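Good morning, and thank you for making time for this presentation. Please keep the sequence and the structure in view while I speak.

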Amino acid sequence: MSKHLLRVENVYKRFGDNEVLKGISFQLDKGETKVIVGPSGTGKSTILSLINMLVTPDEGHIYLEDIDITRTRDIHKVRQNIGFVFQDFGLFNHLTAKGNVMIGLTKVKKMKKKEAEEIAMEELRRVGLENFADHYPAQLSGGQKQRVGIARALAMRPKLILFDEPTSALDPELTGEVLNVMRKLANEGMTMLIVTHEMGFARTVADELIFMEDGVILEQGPPEKLFTSPEHPRTREFLFKLTDLYNEGER
Amino acid sequence: MFLSSLLEGLQKNFTIFLANYPALLRGLAVTIYLTIITSIAGIILGTLLALGKVYGNKFISGIVTAFIGLIQGTPLLVQLFVVYYGLPVYGIRLTPIAAALISFTINSGAYQAEYLRGSIQSVSSGQLKAALSLGMTRWQGIFYVILPQALRRVIPSWTNEFIYLLKYTSLAYIITVPELMGEAKIIASRNYEFFKTYLLVAFIYLILVLVFTRLFRRIEKRFAIPGFELKR
(Lines give C-alpha, C1' and ligand atoms only; values in the text may rest on other atoms or scores of the structure.)
Protein backbone atom coordinates (compact mmCIF):
# COMPACT_ATOMS: atom_id res chain seq x y z
CA MET A 1 0.00 0.00 0.00
CA SER A 2 2.27 2.73 1.24
CA LYS A 3 6.01 2.57 1.07
CA HIS A 4 6.55 4.57 4.22
CA LEU A 5 7.81 2.53 7.15
CA LEU A 6 5.95 4.65 9.68
CA ARG A 7 3.00 6.94 9.16
CA VAL A 8 1.63 9.14 11.92
CA GLU A 9 -1.74 10.56 10.88
CA ASN A 10 -3.52 13.41 12.58
CA VAL A 11 -2.80 12.28 16.15
CA TYR A 12 -4.36 14.01 19.13
CA LYS A 13 -3.55 13.39 22.78
CA ARG A 14 -4.96 15.02 25.86
CA PHE A 15 -3.88 14.54 29.48
CA GLY A 16 -6.78 15.85 31.53
CA ASP A 17 -7.37 19.44 30.44
CA ASN A 18 -3.96 19.66 28.85
CA GLU A 19 -4.03 19.05 25.10
CA VAL A 20 -0.50 17.85 24.42
CA LEU A 21 -0.73 16.89 20.74
CA LYS A 22 -3.05 18.71 18.34
CA GLY A 23 -3.10 16.89 15.05
CA ILE A 24 0.39 15.54 14.39
CA SER A 25 1.19 13.98 11.01
CA PHE A 26 4.49 12.87 9.53
CA GLN A 27 6.14 9.87 7.85
CA LEU A 28 9.37 8.02 8.24
CA ASP A 29 10.99 5.98 5.48
CA LYS A 30 13.24 2.99 5.81
CA GLY A 31 16.83 4.00 6.56
CA GLU A 32 15.84 7.54 7.41
CA THR A 33 16.89 9.51 10.50
CA LYS A 34 14.48 12.17 11.67
CA VAL A 35 15.06 14.41 14.64
CA ILE A 36 12.25 16.12 16.49
CA VAL A 37 13.24 19.39 18.14
CA GLY A 38 11.35 22.05 19.98
CA PRO A 39 10.90 23.67 23.40
CA SER A 40 10.31 21.50 26.47
CA GLY A 41 6.75 20.41 27.14
CA THR A 42 5.59 20.52 23.53
CA GLY A 43 4.76 16.83 23.33
CA LYS A 44 7.90 15.53 21.63
CA SER A 45 8.39 12.61 24.00
CA THR A 46 4.67 11.89 23.99
CA ILE A 47 4.90 11.17 20.26
CA LEU A 48 7.54 8.51 20.90
CA SER A 49 5.46 6.91 23.67
CA LEU A 50 2.48 6.85 21.30
CA ILE A 51 4.45 5.12 18.54
CA ASN A 52 5.30 2.39 21.05
CA MET A 53 1.75 2.43 22.40
CA LEU A 54 3.03 3.03 25.91
CA VAL A 55 0.41 5.79 25.74
CA THR A 56 -2.69 5.54 23.53
CA PRO A 57 -3.81 8.43 21.31
CA ASP A 58 -7.26 10.00 21.66
CA GLU A 59 -7.62 10.41 17.90
CA GLY A 60 -5.71 9.57 14.77
CA HIS A 61 -3.80 6.59 13.47
CA ILE A 62 -0.24 5.33 13.51
CA TYR A 63 0.82 2.78 10.90
CA LEU A 64 3.91 0.62 11.01
CA GLU A 65 4.13 -0.60 7.44
CA ASP A 66 0.50 -1.67 6.91
CA ILE A 67 -0.47 -2.35 10.51
CA ASP A 68 -2.52 0.25 12.33
CA ILE A 69 -0.82 -0.01 15.72
CA THR A 70 -3.52 2.04 17.41
CA ARG A 71 -6.00 -0.73 16.58
CA THR A 72 -3.91 -3.90 16.85
CA ARG A 73 -4.66 -6.47 19.50
CA ASP A 74 -1.13 -7.83 19.65
CA ILE A 75 0.63 -4.66 20.60
CA HIS A 76 3.47 -6.56 22.26
CA LYS A 77 4.21 -8.20 18.90
CA VAL A 78 4.38 -4.79 17.24
CA ARG A 79 6.69 -3.49 19.96
CA GLN A 80 9.26 -6.15 19.10
CA ASN A 81 9.77 -4.25 15.86
CA ILE A 82 10.21 -0.87 17.51
CA GLY A 83 13.27 -0.26 19.67
CA PHE A 84 13.05 2.31 22.44
CA VAL A 85 15.96 4.11 24.06
CA PHE A 86 14.96 5.92 27.22
CA GLN A 87 16.21 9.15 28.70
CA ASP A 88 16.83 7.42 32.03
CA PHE A 89 18.24 4.29 30.31
CA GLY A 90 15.61 1.87 31.66
CA LEU A 91 18.19 -0.87 32.17
CA PHE A 92 17.09 -3.82 34.28
CA ASN A 93 19.06 -3.38 37.48
CA HIS A 94 19.20 -7.05 38.41
CA LEU A 95 20.83 -8.10 35.13
CA THR A 96 24.33 -7.61 33.75
CA ALA A 97 24.89 -5.64 30.56
CA LYS A 98 24.81 -8.90 28.65
CA GLY A 99 21.71 -10.07 30.54
CA ASN A 100 19.95 -6.83 29.64
CA VAL A 101 20.64 -7.34 25.96
CA MET A 102 19.73 -11.03 26.10
CA ILE A 103 16.44 -10.96 27.97
CA GLY A 104 14.33 -9.75 25.06
CA LEU A 105 15.81 -12.45 22.86
CA THR A 106 15.28 -15.32 25.28
CA LYS A 107 11.93 -14.32 26.79
CA VAL A 108 10.24 -12.56 23.88
CA LYS A 109 11.83 -14.13 20.83
CA LYS A 110 12.22 -17.48 22.65
CA MET A 111 15.75 -17.82 21.35
CA LYS A 112 18.18 -20.44 22.71
CA LYS A 113 20.45 -19.06 25.39
CA LYS A 114 23.64 -19.64 23.42
CA GLU A 115 22.33 -17.96 20.31
CA ALA A 116 21.05 -15.01 22.36
CA GLU A 117 24.43 -14.71 24.04
CA GLU A 118 26.21 -14.51 20.69
CA ILE A 119 23.91 -11.75 19.48
CA ALA A 120 24.24 -9.91 22.79
CA MET A 121 28.04 -9.95 22.56
CA GLU A 122 27.88 -8.83 18.95
CA GLU A 123 25.68 -5.86 19.85
CA LEU A 124 27.79 -4.94 22.88
CA ARG A 125 30.84 -4.97 20.60
CA ARG A 126 28.96 -2.69 18.21
CA VAL A 127 28.54 -0.08 20.96
CA GLY A 128 32.10 -0.66 22.22
CA LEU A 129 31.21 -2.41 25.47
CA GLU A 130 32.27 -6.03 24.92
CA ASN A 131 34.57 -5.73 27.94
CA PHE A 132 31.71 -4.67 30.18
CA ALA A 133 29.37 -7.57 29.44
CA ASP A 134 29.41 -8.82 33.03
CA HIS A 135 29.00 -5.42 34.68
CA TYR A 136 25.72 -4.56 36.35
CA PRO A 137 24.04 -1.24 35.50
CA ALA A 138 25.13 0.28 38.82
CA GLN A 139 28.75 -0.45 37.86
CA LEU A 140 28.54 1.48 34.56
CA SER A 141 28.80 5.20 33.79
CA GLY A 142 25.79 7.00 32.35
CA GLY A 143 27.20 6.92 28.85
CA GLN A 144 27.93 3.20 29.12
CA LYS A 145 24.43 2.53 30.45
CA GLN A 146 22.90 4.32 27.51
CA ARG A 147 25.06 2.36 25.07
CA VAL A 148 23.83 -0.86 26.69
CA GLY A 149 20.31 0.52 26.24
CA ILE A 150 21.04 0.99 22.54
CA ALA A 151 22.57 -2.49 22.24
CA ARG A 152 19.47 -3.95 23.90
CA ALA A 153 17.24 -2.22 21.35
CA LEU A 154 19.49 -3.29 18.44
CA ALA A 155 19.54 -6.93 19.50
CA MET A 156 15.82 -7.24 18.80
CA ARG A 157 16.56 -6.35 15.16
CA PRO A 158 13.87 -3.66 15.13
CA LYS A 159 12.56 -1.93 12.03
CA LEU A 160 13.10 1.40 13.70
CA ILE A 161 14.46 2.77 16.96
CA LEU A 162 12.96 5.62 18.94
CA PHE A 163 15.36 7.73 21.02
CA ASP A 164 13.79 9.81 23.78
CA GLU A 165 16.35 12.47 24.74
CA PRO A 166 19.07 9.82 24.99
CA THR A 167 21.75 12.20 26.28
CA SER A 168 19.70 14.49 28.52
CA ALA A 169 20.55 12.59 31.71
CA LEU A 170 24.27 12.51 30.92
CA ASP A 171 27.16 14.70 31.97
CA PRO A 172 28.34 16.77 29.00
CA GLU A 173 31.59 14.81 28.66
CA LEU A 174 29.63 11.56 28.30
CA THR A 175 27.19 12.64 25.61
CA GLY A 176 29.81 12.29 22.86
CA GLU A 177 30.20 8.53 23.19
CA VAL A 178 26.44 8.01 22.90
CA LEU A 179 26.03 10.41 19.98
CA ASN A 180 28.91 8.70 18.17
CA VAL A 181 27.17 5.35 18.43
CA MET A 182 23.97 6.91 17.11
CA ARG A 183 25.82 8.59 14.26
CA LYS A 184 27.34 5.25 13.31
CA LEU A 185 23.89 3.62 13.30
CA ALA A 186 22.52 6.36 11.06
CA ASN A 187 25.37 5.78 8.62
CA GLU A 188 24.68 2.05 8.66
CA GLY A 189 21.15 2.71 7.52
CA MET A 190 19.19 2.18 10.75
CA THR A 191 15.81 3.92 10.75
CA MET A 192 15.69 6.30 13.71
CA LEU A 193 13.34 8.84 15.21
CA ILE A 194 15.15 10.97 17.75
CA VAL A 195 14.04 13.59 20.24
CA THR A 196 17.04 15.62 21.34
CA HIS A 197 18.33 19.07 22.21
CA GLU A 198 21.75 18.36 20.69
CA MET A 199 21.54 20.78 17.76
CA GLY A 200 24.99 20.04 16.38
CA PHE A 201 24.11 16.36 16.21
CA ALA A 202 20.69 17.07 14.70
CA ARG A 203 22.19 19.26 12.03
CA THR A 204 24.83 16.79 10.91
CA VAL A 205 23.01 13.47 11.29
CA ALA A 206 19.32 14.07 10.55
CA ASP A 207 17.90 13.56 7.09
CA GLU A 208 15.06 15.71 8.21
CA LEU A 209 14.23 17.92 11.18
CA ILE A 210 10.78 18.27 12.65
CA PHE A 211 10.24 21.46 14.63
CA MET A 212 7.40 21.25 17.12
CA GLU A 213 5.83 23.75 19.43
CA ASP A 214 2.68 23.62 21.58
CA GLY A 215 1.55 20.26 20.24
CA VAL A 216 1.79 21.04 16.54
CA ILE A 217 4.50 20.62 13.90
CA LEU A 218 5.42 24.12 12.76
CA GLU A 219 7.90 23.12 10.13
CA GLN A 220 9.76 20.11 8.80
CA GLY A 221 12.50 19.69 6.25
CA PRO A 222 16.20 19.07 5.70
CA PRO A 223 18.28 20.47 8.58
CA GLU A 224 20.28 22.83 6.39
CA LYS A 225 17.08 24.45 5.20
CA LEU A 226 15.68 24.86 8.69
CA PHE A 227 18.93 26.21 10.03
CA THR A 228 19.66 28.62 7.17
CA SER A 229 16.30 29.68 5.76
CA PRO A 230 13.45 28.62 8.03
CA GLU A 231 9.94 29.55 6.92
CA HIS A 232 8.56 30.09 10.38
CA PRO A 233 9.96 32.84 12.61
CA ARG A 234 9.65 30.59 15.70
CA THR A 235 11.86 27.96 14.07
CA ARG A 236 14.54 30.55 13.45
CA GLU A 237 14.30 31.90 16.98
CA PHE A 238 14.49 28.47 18.60
CA LEU A 239 17.23 26.98 16.45
CA PHE A 240 19.41 30.06 16.72
CA LYS A 241 19.05 30.26 20.46
CA LEU A 242 20.00 26.60 20.93
CA THR A 243 22.79 26.73 18.36
CA ASP A 244 24.26 29.69 20.22
CA LEU A 245 24.09 27.80 23.48
CA TYR A 246 25.63 24.78 21.83
CA ASN A 247 28.48 26.76 20.29
CA GLU A 248 29.13 28.45 23.57
CA GLY A 249 29.52 25.01 25.08
CA GLU A 250 32.09 24.19 22.43
CA ARG A 251 34.26 27.18 23.16
CA MET B 1 27.61 -16.18 95.15
CA PHE B 2 25.46 -15.04 92.21
CA LEU B 3 27.83 -16.73 89.80
CA SER B 4 27.67 -20.02 91.57
CA SER B 5 23.89 -19.97 91.67
CA LEU B 6 23.86 -19.14 87.98
CA LEU B 7 26.20 -22.02 87.29
CA GLU B 8 24.05 -24.25 89.39
CA GLY B 9 21.01 -23.03 87.43
CA LEU B 10 22.71 -23.81 84.12
CA GLN B 11 23.68 -27.21 85.42
CA LYS B 12 20.10 -27.84 86.44
CA ASN B 13 18.94 -26.69 83.01
CA PHE B 14 21.30 -29.10 81.44
CA THR B 15 20.06 -31.92 83.65
CA ILE B 16 16.49 -31.16 82.63
CA PHE B 17 17.60 -31.21 79.02
CA LEU B 18 19.39 -34.55 79.46
CA ALA B 19 16.42 -36.07 81.22
CA ASN B 20 13.97 -34.97 78.53
CA TYR B 21 15.91 -34.51 75.34
CA PRO B 22 13.94 -36.98 73.20
CA ALA B 23 10.72 -35.07 73.90
CA LEU B 24 12.38 -31.69 73.49
CA LEU B 25 13.98 -32.66 70.19
CA ARG B 26 10.64 -34.00 68.98
CA GLY B 27 9.04 -30.68 69.90
CA LEU B 28 11.87 -28.78 68.26
CA ALA B 29 11.37 -30.75 65.05
CA VAL B 30 7.65 -29.92 65.05
CA THR B 31 8.42 -26.23 65.66
CA ILE B 32 10.89 -26.09 62.77
CA TYR B 33 8.54 -28.06 60.54
CA LEU B 34 5.65 -25.68 61.26
CA THR B 35 7.82 -22.62 60.71
CA ILE B 36 9.41 -23.72 57.45
CA ILE B 37 6.23 -25.07 55.85
CA THR B 38 4.11 -22.07 56.82
CA SER B 39 6.71 -19.50 55.83
CA ILE B 40 7.17 -21.06 52.39
CA ALA B 41 3.42 -21.45 51.88
CA GLY B 42 3.08 -17.91 53.23
CA ILE B 43 5.56 -16.59 50.66
CA ILE B 44 3.57 -18.19 47.87
CA LEU B 45 0.25 -16.92 49.21
CA GLY B 46 1.78 -13.51 49.95
CA THR B 47 3.18 -13.21 46.43
CA LEU B 48 -0.20 -14.02 44.88
CA LEU B 49 -1.95 -11.54 47.16
CA ALA B 50 0.60 -8.80 46.47
CA LEU B 51 0.31 -9.31 42.70
CA GLY B 52 -3.48 -9.22 43.00
CA LYS B 53 -3.34 -6.05 45.03
CA VAL B 54 -0.88 -4.17 42.81
CA TYR B 55 -1.75 -5.45 39.35
CA GLY B 56 -5.27 -6.83 39.70
CA ASN B 57 -8.36 -4.96 38.57
CA LYS B 58 -10.42 -2.95 41.05
CA PHE B 59 -12.45 -5.97 42.08
CA ILE B 60 -9.53 -8.30 42.80
CA SER B 61 -7.48 -5.57 44.40
CA GLY B 62 -10.45 -4.69 46.65
CA ILE B 63 -10.97 -8.26 47.78
CA VAL B 64 -7.28 -8.71 48.53
CA THR B 65 -7.15 -5.45 50.49
CA ALA B 66 -10.17 -6.47 52.56
CA PHE B 67 -8.72 -9.93 53.21
CA ILE B 68 -5.35 -8.55 54.32
CA GLY B 69 -7.12 -6.02 56.55
CA LEU B 70 -9.19 -8.75 58.15
CA ILE B 71 -6.17 -10.95 58.89
CA GLN B 72 -3.95 -8.13 60.10
CA GLY B 73 -6.78 -6.73 62.19
CA THR B 74 -7.44 -9.85 64.24
CA PRO B 75 -5.25 -11.80 66.69
CA LEU B 76 -3.47 -14.88 65.41
CA LEU B 77 -4.82 -16.90 68.34
CA VAL B 78 -8.38 -16.01 67.38
CA GLN B 79 -7.70 -17.11 63.80
CA LEU B 80 -6.25 -20.37 65.09
CA PHE B 81 -9.36 -21.02 67.21
CA VAL B 82 -11.71 -20.16 64.33
CA VAL B 83 -9.98 -22.72 62.13
CA TYR B 84 -9.65 -25.44 64.77
CA TYR B 85 -12.82 -25.04 66.82
CA GLY B 86 -14.99 -23.05 64.40
CA LEU B 87 -14.72 -24.98 61.15
CA PRO B 88 -15.98 -28.32 62.60
CA VAL B 89 -19.35 -26.60 62.96
CA TYR B 90 -19.46 -26.66 59.16
CA GLY B 91 -18.26 -30.25 59.04
CA ILE B 92 -14.61 -29.41 58.38
CA ARG B 93 -12.65 -31.30 61.01
CA LEU B 94 -8.92 -30.71 60.99
CA THR B 95 -6.09 -32.32 62.95
CA PRO B 96 -4.36 -29.86 65.30
CA ILE B 97 -1.28 -29.74 63.11
CA ALA B 98 -3.33 -29.12 59.93
CA ALA B 99 -5.26 -26.35 61.66
CA ALA B 100 -1.99 -24.76 62.79
CA LEU B 101 -0.46 -25.02 59.30
CA ILE B 102 -3.51 -23.42 57.69
CA SER B 103 -3.95 -20.55 60.10
CA PHE B 104 -0.25 -19.68 60.28
CA THR B 105 0.01 -19.76 56.49
CA ILE B 106 -2.96 -17.44 56.05
CA ASN B 107 -1.72 -15.10 58.73
CA SER B 108 1.83 -14.98 57.44
CA GLY B 109 0.64 -14.69 53.83
CA ALA B 110 -1.26 -11.50 54.67
CA TYR B 111 1.80 -9.90 56.27
CA GLN B 112 4.18 -11.08 53.57
CA ALA B 113 1.83 -9.67 50.92
CA GLU B 114 2.14 -6.23 52.43
CA TYR B 115 5.95 -6.43 52.59
CA LEU B 116 6.12 -7.53 48.96
CA ARG B 117 3.61 -4.93 47.82
CA GLY B 118 5.88 -2.25 49.27
CA SER B 119 8.92 -3.58 47.52
CA ILE B 120 7.11 -4.08 44.19
CA GLN B 121 6.10 -0.44 44.32
CA SER B 122 9.65 0.61 45.14
CA VAL B 123 10.88 -0.82 41.82
CA SER B 124 10.70 2.11 39.41
CA SER B 125 7.82 2.16 36.94
CA GLY B 126 10.37 2.77 34.18
CA GLN B 127 11.47 -0.85 34.54
CA LEU B 128 8.08 -2.16 33.43
CA LYS B 129 7.95 0.38 30.62
CA ALA B 130 11.34 -0.82 29.38
CA ALA B 131 10.13 -4.43 29.54
CA LEU B 132 7.03 -3.56 27.50
CA SER B 133 9.12 -1.71 24.95
CA LEU B 134 11.04 -4.94 24.27
CA GLY B 135 7.78 -6.64 23.36
CA MET B 136 7.15 -8.38 26.68
CA THR B 137 3.57 -8.73 27.81
CA ARG B 138 2.63 -7.11 31.12
CA TRP B 139 2.87 -10.42 32.96
CA GLN B 140 6.23 -11.26 31.38
CA GLY B 141 7.48 -7.88 32.54
CA ILE B 142 6.19 -8.54 36.03
CA PHE B 143 7.75 -12.00 36.26
CA TYR B 144 11.07 -11.40 34.54
CA VAL B 145 11.79 -7.82 35.55
CA ILE B 146 9.73 -6.57 38.50
CA LEU B 147 9.51 -9.65 40.72
CA PRO B 148 13.21 -10.64 40.57
CA GLN B 149 14.05 -7.19 41.92
CA ALA B 150 11.15 -6.93 44.36
CA LEU B 151 11.79 -10.38 45.85
CA ARG B 152 15.41 -9.50 46.56
CA ARG B 153 14.41 -6.31 48.33
CA VAL B 154 11.90 -8.11 50.50
CA ILE B 155 14.35 -10.68 51.93
CA PRO B 156 15.10 -8.62 55.09
CA SER B 157 11.37 -8.26 55.85
CA TRP B 158 10.85 -11.94 55.23
CA THR B 159 13.67 -12.74 57.62
CA ASN B 160 11.76 -10.88 60.32
CA GLU B 161 8.55 -12.65 59.36
CA PHE B 162 10.26 -16.03 59.61
CA ILE B 163 11.54 -15.16 63.08
CA TYR B 164 8.07 -14.04 64.16
CA LEU B 165 6.61 -17.28 62.86
CA LEU B 166 9.23 -19.31 64.68
CA LYS B 167 8.10 -17.73 67.93
CA TYR B 168 4.39 -17.58 67.16
CA THR B 169 4.21 -21.30 66.40
CA SER B 170 4.42 -21.72 70.18
CA LEU B 171 0.74 -20.70 70.22
CA ALA B 172 -0.06 -24.01 68.55
CA TYR B 173 0.42 -25.81 71.88
CA ILE B 174 -2.95 -24.37 72.91
CA ILE B 175 -4.70 -26.55 70.32
CA THR B 176 -2.52 -29.51 71.46
CA VAL B 177 0.11 -29.46 68.74
CA PRO B 178 3.16 -31.15 70.35
CA GLU B 179 5.70 -28.51 69.35
CA LEU B 180 8.52 -27.28 71.54
CA MET B 181 6.33 -25.28 73.91
CA GLY B 182 3.79 -28.10 74.10
CA GLU B 183 6.46 -30.62 75.05
CA ALA B 184 7.87 -28.19 77.62
CA LYS B 185 4.48 -27.87 79.25
CA ILE B 186 4.19 -31.64 79.60
CA ILE B 187 7.70 -31.91 81.04
CA ALA B 188 7.12 -29.09 83.51
CA SER B 189 3.86 -30.54 84.71
CA ARG B 190 5.75 -33.74 85.52
CA ASN B 191 8.93 -32.39 87.16
CA TYR B 192 7.35 -29.24 88.70
CA GLU B 193 10.47 -27.29 87.66
CA PHE B 194 8.40 -24.67 85.81
CA PHE B 195 10.90 -21.86 85.94
CA LYS B 196 13.89 -23.89 84.83
CA THR B 197 12.07 -25.86 82.18
CA TYR B 198 10.62 -22.75 80.52
CA LEU B 199 13.96 -20.98 80.83
CA LEU B 200 15.54 -23.88 78.99
CA VAL B 201 12.90 -23.62 76.26
CA ALA B 202 13.42 -19.85 75.99
CA PHE B 203 17.11 -20.55 75.55
CA ILE B 204 16.41 -23.05 72.74
CA TYR B 205 14.18 -20.50 70.93
CA LEU B 206 16.90 -17.88 71.27
CA ILE B 207 19.50 -20.18 69.71
CA LEU B 208 17.11 -20.97 66.85
CA VAL B 209 16.46 -17.29 66.19
CA LEU B 210 20.17 -16.50 66.13
CA VAL B 211 20.96 -19.38 63.78
CA PHE B 212 18.20 -18.54 61.30
CA THR B 213 18.97 -14.80 61.36
CA ARG B 214 22.57 -15.61 60.38
CA LEU B 215 21.41 -17.95 57.67
CA PHE B 216 19.11 -15.32 56.12
CA ARG B 217 21.84 -12.67 56.16
CA ARG B 218 23.87 -15.05 54.04
CA ILE B 219 21.00 -15.61 51.62
CA GLU B 220 20.51 -11.87 51.39
CA LYS B 221 24.17 -11.31 50.53
CA ARG B 222 24.15 -14.14 48.04
CA PHE B 223 21.29 -12.57 46.08
CA ALA B 224 22.33 -8.92 46.38
CA ILE B 225 22.46 -6.92 43.13
CA PRO B 226 25.72 -4.95 42.78
CA GLY B 227 24.99 -1.33 43.52
CA PHE B 228 21.83 -2.21 45.44
CA GLU B 229 23.32 -3.87 48.50
CA LEU B 230 21.67 -3.01 51.79
CA LYS B 231 23.83 -0.86 53.99
CA ARG B 232 23.78 -2.15 57.54
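In this predicted model, chain A contains an open sheet of four strands, in the order β2-β1-β4-β5, with antiparallel pairing. The edges of that sheet are β2, residues 18-28, and β5, residues 67-68, each of which pairs on one side only. Strand β4 of chain A, residues 59-64, meets β5(A) in the antiparallel sense over two bridges. There, A:Tyr63 stands opposite A:Asp68 of β5(A).

As a general point, most residues other than glycine have a negative phi. A:Asn10, however, has a positive phi, near 50 degrees. A:Asn10 belongs to strand β1 of chain A, which covers residues 6-15. With 13 other C-beta atoms within 10 Å, A:Asn10 counts as partly exposed.

I turn now to β7 of chain A, residues 160-164. Is this strand enclosed by the rest of the structure, or open to the outside? Five of its five residues are buried, so β7(A) is largely enclosed by the rest of the structure. To apply the term here, a residue is buried when 20 or more other C-beta atoms lie within 10 Å of its own. In a regular strand, side chains alternate between the two faces of the sheet. In β7(A), A:Leu160, A:Leu162 and A:Asp164 point one way, while A:Ile161 and A:Phe163 point the other way, and all are buried. A:Asp164 is therefore among the buried residues of a strand that is itself largely enclosed.

What are the partners of β7(A)? One is strand β6 of chain A, residues 82-85, which pairs with β7(A) in the parallel sense over four bridges. Within that pairing, A:Ile82 has A:Leu160 as its bridge partner in β7(A). Another is strand β8 of chain A, residues 192-195, which runs parallel to β7(A) and is joined to it by four bridges. In β8(A), A:Leu193 is the bridge partner of A:Leu162. Between β7(A) and β8(A) the chain passes through helix α6 of chain A, residues 172-187, and this β-α-β crossover is right-handed.

A further pairing in chain A involves strand β9, residues 208-213, and strand β10, residues 216-221, which are antiparallel over five bridges. A:Leu209 stands opposite A:Gly221 in β10(A). The two strands form a hairpin with two residues between them, and A:Asp214, in the turn, has a positive phi of about 50 degrees.

The buried residues of α4(A) are A:Ala116, A:Ala120, A:Glu123 and A:Leu124. Viewed down the helix axis, these buried residues fall within an arc of 100 degrees, so they line one face of the helix. They pack against α3 and α5 of chain A, the latter being residues 142-155.

In the loop between α3 and α4 of chain A we find A:Lys110, a residue other than glycine whose phi is positive, near 55 degrees. A:Lys110 is exposed, with 8 other C-beta atoms within 10 Å. After the helix comes A:Gly128, with a positive phi near 75 degrees.

Finally, chain B itself. Chain B has eight helices and zero strands. Its C-alpha atoms fill a box of roughly 70 × 50 × 25 Å along the principal axes. Of the 232 residues in chain B, 34% are buried. Where contacts in chain B link residues at least 6 apart in sequence, 74% of them join residues at least 24 apart.

Notes. Residues are numbered from 1 along each chain as its sequence is written. Chains are lettered from A and ligands numbered from 1 in the order in which they are written. This is a predicted model: local features need pLDDT of at least 70, side-chain atom pairs count only at pLDDT 80 or more; totals for chains, interfaces and linings use all residues. A residue is buried if 20 or more other C-beta atoms lie within 10 Å of its own, exposed if 12 or fewer, and partly exposed in between; C-beta atoms are placed from the backbone. Two strands pair if DSSP finds at least two bridges between them. A crossover is right-handed if, with the strands pointing away from the viewer, the path from the first strand over the helix to the second runs clockwise. The arc is that of the directions from the helix axis to the C-beta atoms. Two residues are in contact if their C-beta atoms, placed from the backbone, lie within 7 Å.
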